[in-house]
Amino acid sequence: MYVGVDCGTQSTKVVIMSADSLSILGTSAVAHSLVQADNGRREQQPAQWVSAFEQALAEALDAAGVSGKQIKGMGVSGQQHGMVALDAVGQPVYPAKLWCDTESAAENAELLAQLGGPEGALDKLGVVLQTGYTASKIAWLRRHHRAAYDRIRTILLPHDYLNFYLTGERVTEAGDASGTGYFDTRSRQWSERVFALIAPELDSAKVLPRLIDAHQPAGYVLPDIADRLGLPRDVVVSSGGGDNMMAAIGTGAISAGITTVSLGTSGTLFGYSDQPVITRDGLAANFCSSSGGWLPLVCTMNVTSATTQIRTMLGLSLSEFNQAAATAEPGAGGITCLPFFNGERVPALPNATASFDGMSSFNASPSNVVRAVMEGATFGLRYGLDALLPAEQEAPQHIRLVGGGAKSALWRQMVSDVMNCELVCPQSPEAAALGAALQAQWCRGRLAGATVSLEALCRDAVRLDESTRSRPHAEHSARYRELYQRYLKVLRQRYPDVP
């Protein structure tokens, strides 16, 4: 048996996977709380992740009807970009600042200028610094909480922190490291020069985790942790990776030809490449994968976070929200929503706010409002696809759709129509956790001298739910091409610097 862990923004999920059938036998999820403020602050206590993991593991084992003593390996997926700064005894010096934290927008702008703007960042790192990345969070801590900054002895990412808790090892791999803002995604090494700009008092050789390859283990579960969790003392912990990298494994997007789109709290689009992919504007991030190779990726900040915001404001249940959206026509009666409740990354608008354009006394109905926010989030993903297209040279022919929003048949069809592409959902809704479990089996197999490839594991494990397959409707696709142009017009009128 193998364990897959996905430590996300809203919860930590755990799946138990059979090594023989590669099927999920049991799952559980335990929620996190979030510290947030109007200035863009989004923080969590890392101790919450540990307690949530321990509870979810026990529940998942119980749901699967298996003993913890049957577990052979474990893989951890985590929300990317978070700053987990530890002191000399491994305790956080400050709460973890998350991927969606935009409090460090000023520091990011300063760092980007020091690097020579977007072109300079691409030249030095292969990516353009974004406010969500780890780099500006460290600079922010240095400026605003110097006493805490001076206590730093280790800087980890969220998935690295759970690996550290499990194994005592301070390691990371190229996929998750790609989103720090001080990692060269082409050479797959830390950029000591860039890190020195961010944190001149800190020695990168000492505070940054050791880099390992995707197939290498982070370590083995510590004896006291194994005993407390009811696990054997030889459970291997794989390298793990960022949630998008693990979702790529969990959807089979580890070879050319498959594009994965996630309708989660944020939205992502990514596909595999066997070489670095640098786009001129840098909006498509040249990230490494957690399976070897690269994973050119676009991330938008507002998807189910935006729809949840409106649904809660209107006092609607999820089913009522979907019913209301279904009663509105494409175009939401003339309302265009820019759903930038959390700022935006693509396009790079960290201080943006949400807005509804074209609203009047004739179209201001709940059904039009909820349809508009769904369409706005989807158009944001389409904007991201356009940023990714130069890397792929042509529109994707096949999308694998994941995330909470993918449960909505209406939203699936909307994505298919807006992207003008066929799509289907994998059977397992927990793509990142499944990917982590598959990586763990791959890792342990390599340690034992097995020749099975990760690609072969994915072919057998990633099963598609044919009931979710959606094909674009010609009439609706044509209508959405017009509506997307309306969205772009509103976007550029409100934010003239957007290309």
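In this predicted model, Ala285 lies opposite Leu297, a residue of strand S20. S20 covers residues 294–300 and pairs with S19. The two strands run in the antiparallel sense, and 4 bridges join them.

This pair belongs to an open sheet of 7 strands. The order across the sheet is S19-S20-S18-S17-S23-S24-S25, with mixed pairing. S19, residues 285–288, stands at one edge, and S25, residues 464–470, also stands at an edge. Each of these two strands has a single partner, so one side of each is left without a neighbour in the sheet. On average, neighbouring strands of the sheet are turned by 30° against each other, direction ignored.

Two polar contacts of the Gln44 side chain can be described. One is with the side chain of Trp49, at 3.1 Å. In the other, the Gln44 side chain reaches the backbone oxygen of Ser33 at 3.3 Å.

The surroundings of Gln44 draw on several stretches of sequence. Leaving aside residues up to four places away in sequence, Gln44 touches Gly8 and Thr9, as well as His32, Ser33 and Leu34. Trp49 and Gln79 are also touched by Gln44, as are Pro95, Ala96 and Leu98.

Technical notes
Residues are numbered from 1 along each chain as its sequence is written. This is a predicted model: local features need pLDDT of at least 70, side-chain atom pairs count only at pLDDT 80 or more; totals for chains, interfaces and linings use all residues. Side-chain values use heavy atoms; hydrogens and water are left out. Two strands pair if DSSP finds at least two bridges between them. Axes are lines fitted to C-alpha atoms, for helices over the stretch in contact, and angles run from 0 to 180 degrees between N-to-C directions. A polar contact is a pair of N or O atoms within 3.5 Å; within protein, one must be able to donate a hydrogen and the other to accept it, and residues adjacent in sequence count only if both atoms are side-chain atoms. Contact means heavy atoms within 4.5 Å.
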